[in-house]
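Reader: I have a new structure to look at, and I would like to learn how to read it. Could you walk me through it?

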Amino acid sequence: MGKNRGQSVRIAINPAVLTWAIERAGKQTESLKKTFPKIEAWATREAQPTLKQLEHLANVLRVPLGFLFLDTPPDEPLPLQDFRTKPGARPSRPSPELLDTIYLCQQRQEWFRNYLLSIGESPLPFVGKAKVYDDPLAIAVEIRAAVNFDVEERRTIATWMQAFSRFVEQVEEAGILVMVNGVVNNNTHRTLDPEEFRGFALVDELAPLIFINGADTISAKTFTLAHELAHIWLGESGISDPQMFHLPNEGIERWCNQVAAEMLVPLAMLRERYDPHRELSDELSRLARIFKVSTLVILRRLFDATFLDWDTYRQTYQEESERLRNDEQQTSGEGGNFYRSLSRRVSKRFARALISSALEGQTLFRDAYALLGIHHFSR
């Protein structure tokens, strides 16, 4: 009887809160009518949903159930500074997918920070070491040395994916957590949109963390990782949408772009390798293979080196962007065995520490499973 009573209890929901929840999820009332036939009546208070219906609605809209009981829509600001500057691309509010990804990464970072404190680790010397007025070329050299990033080594790596994987390993070996995922946690029904964000950095002197949107292209992820590294050196947490064509008005983003570009494609090395007698499209492809970056990054660096004028650069960039949208397969590289790819999504460094802590009895298995987003450890 208790169960039936609970299912039949009607709950008044504030129309403004319902509208907020629907818009937050990026949905339209019309699209929800098939699942919730009376949703329009709920919005006008002509009818009231049951608790079970509200639970279902909260699940569909990816919103905490408690929010639907509020008298007014909650203020849910981004927990990080927003450095995204792409014209017209910034959403009116952050998606639930972006917010939940940030919250999960913050939880993981907090656990890892406490873990490092428990084993007596010292702060990393490079976090917050740089200033925005420092020479980007000098900082790029410093970052390459700190993470053992060798441009010549990258030339010998066969594929962009292998080069990116090697880059992630080098950054993690330097003490920075790198998480690459194209969905929220392990939920394949909740994909992350590269048009909303490409990555973010969570600065911490002990446990700095970089998150890369795994739904982006391999070449774009490489530049994003370098860009977020600059954020770690600068000591500035934030969400980024690094791009090579637009020159951000935000001084921090401009500086981080300059550092990332010099780190991946040193201007002096580019000048030595550039062949002005080749067709530009062929030269872009050749240099992109050497440096294992996007042709758009190469194009920008050729402009920086004054090999291209602005009009040629702008026109070629637009043409190359269109070609990449049509031709470049946007693969996250996360397919295959679930547990083998798990370490990429949650950071191999983080996963090893968490599993070790659980096996030693320092962390409850249920907490470890929750942080990893799994139900058990695979042997």
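Reader: Which residues does histidine 227 touch, not counting residues up to four places away in sequence?

Author: Contact means heavy atoms within 4.5 Å. By that rule, histidine 227 touches Ser240, Pro242, Glu253, Cys256, Asn257 and Ala260. This is a predicted model, where local features need pLDDT of at least 70, side-chain atom pairs count only at pLDDT 80 or more, and totals for chains, interfaces and linings use all residues. Residues are numbered from 1 along each chain as its sequence is written, and side-chain values use heavy atoms, with hydrogens and water left out.

Reader: Is histidine 227 buried or exposed?

Author: Buried means under 20% relative accessible area, exposed over 50%, and partly exposed in between (1.4 Å probe, protein chains only). Histidine 227 has a relative accessible area of 0%, so it is buried. Its place is in helix H10; helices (H or I, at least four residues) and strands (E, at least two) are DSSP runs, numbered from the N terminus.

Reader: And where is glutamine 243 found?

Author: Glutamine 243 is in the loop between strand S6 (238-240) and helix H11 (251-264). With 16% relative accessibility, glutamine 243 counts as buried. Its C-alpha atom is separated by 9.7 Å from that of arginine 254, eleven residues apart along the chain.

Reader: How do I read a pair of helices?

Author: Two packed helices are described by the angle between their axes and the distance between the axes. Axes are lines fitted to C-alpha atoms, for helices over the stretch in contact, and angles run from 0 to 180 degrees between N-to-C directions. Here the axes of H7 (residues 136-146) and H10 (residues 218-234) come within 11 Å and cross at roughly 100°. H7 and H10 are therefore roughly perpendicular (65 to 115 degrees).

Reader: Which residues in H7 and H10 meet?

Author: From H7 come Ile139, Glu142, Ile143 and Ala146, which meet Leu229, Ala230 and Trp233 in H10.

Reader: What is in the largest nonpolar core?

Author: A nonpolar core is a set of buried Ala, Val, Leu, Ile, Met, Phe, Trp, Tyr and Cys residues joined through side-chain atoms within 4.5 Å. The largest has 60 residues, and those with the most contacts inside it are Phe167, Leu225, Leu229, Met263, Phe291 and Ile298. H10 gives the largest share of this core, nine residues. Apart from it lies another core, of 32 residues, including Leu98 and Phe350.

Reader: How many helices and strands does the protein have?

Author: There are 18 helices and six strands. Of the 379 residues, 49% count as buried.

How values were computed. Angles under 35 degrees count as roughly parallel, over 145 as roughly antiparallel, 65 to 115 as roughly perpendicular and the rest as oblique.
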